[in-house]
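Here is a friendly note to read beside the model. Take the points in order and look for each one in the picture.

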Amino acid sequence: MAEQSVMEIYKQSLGKYTLEQLRQIPAEGVWSLAQMYDHVIVVADEYLDEAEACANAEPVQGRGKTEFGEKLFREGGFPPVKIRLPDEMNQPPDNSGTSASLLERLENLEKRIEVSRQTLHKIHPSLKREHGGFGWLSAKEWHQLAEMHFRHHLRQKGELEERLGIEEY
């Protein structure tokens, strides 16, 4: 259920942005709101792909999470710091989204999350896929990671809104 409440925040916020605000890049090296939305949606889809792939994975014995992965799941979320990926993994996200197109993508993602949630119990926790930074994750953990990632970007969303002079409801 946590995904739905976080996703609601993202969905409701789309109604307060003009197209110009949504696509405005406030400074060099800073994403627009549209890019941030695209990023969290694309990454959530990738994480759900991994969760589903766990069903066909080989059982993993003796391989766990990295130290950072253990900390992430123990604390239930990302630390409140900006995380920069290496340049080869940090291509700018799509900046062409509109409020309507991003809302549609979020709604489709919500449906996918719900379908995925209903099948998680069928995937044994020893069936894992490797995340480059967090280590070996089960389907349930990949699913949790999607929500944690959305929560992590709420701070960025607030900072972008502040830069653009967008007030909260």
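1. Angles under 35 degrees count as roughly parallel, over 145 as roughly antiparallel, 65 to 115 as roughly perpendicular and the rest as oblique. Helices (H or I, at least four residues) are DSSP runs, numbered from the N terminus. Axes are lines fitted to C-alpha atoms over the stretch in contact, and angles run from 0 to 180 degrees between N-to-C directions.

2. This is a predicted model, where local features need pLDDT of at least 70, side-chain atom pairs count only at pLDDT 80 or more, and totals for chains, interfaces and linings use all residues. Residues are numbered from 1 along each chain as its sequence is written, and side-chain values use heavy atoms, without hydrogens and water.

3. Start with H3 (residues 33–53) and H5 (residues 99–119), whose axes lie 11 Å apart at an angle of about 20°. The two helices are therefore roughly parallel.

4. Which residues of H3 meet H5? Among them are Tyr-37, Ile-41 and Leu-48 in H3, while the H5 side includes Leu-102, Leu-109 and Ile-113 (contact means heavy atoms within 4.5 Å). By class, this contact of H3 with H5 has 10 nonpolar, 1 polar and 6 charged residues. Here Ala, Val, Leu, Ile, Met, Phe, Trp, Tyr, Cys and Pro count as nonpolar, Asp, Glu, Lys and Arg as charged, and the others, Gly among them, as polar.

5. Now turn to H6 (residues 139–164): the axes of H3 and H6 come within 9 Å and cross at roughly 175°. That makes H3 roughly antiparallel to H6. The contact of H3 with H6 has 17 nonpolar, 5 polar and 3 charged residues.
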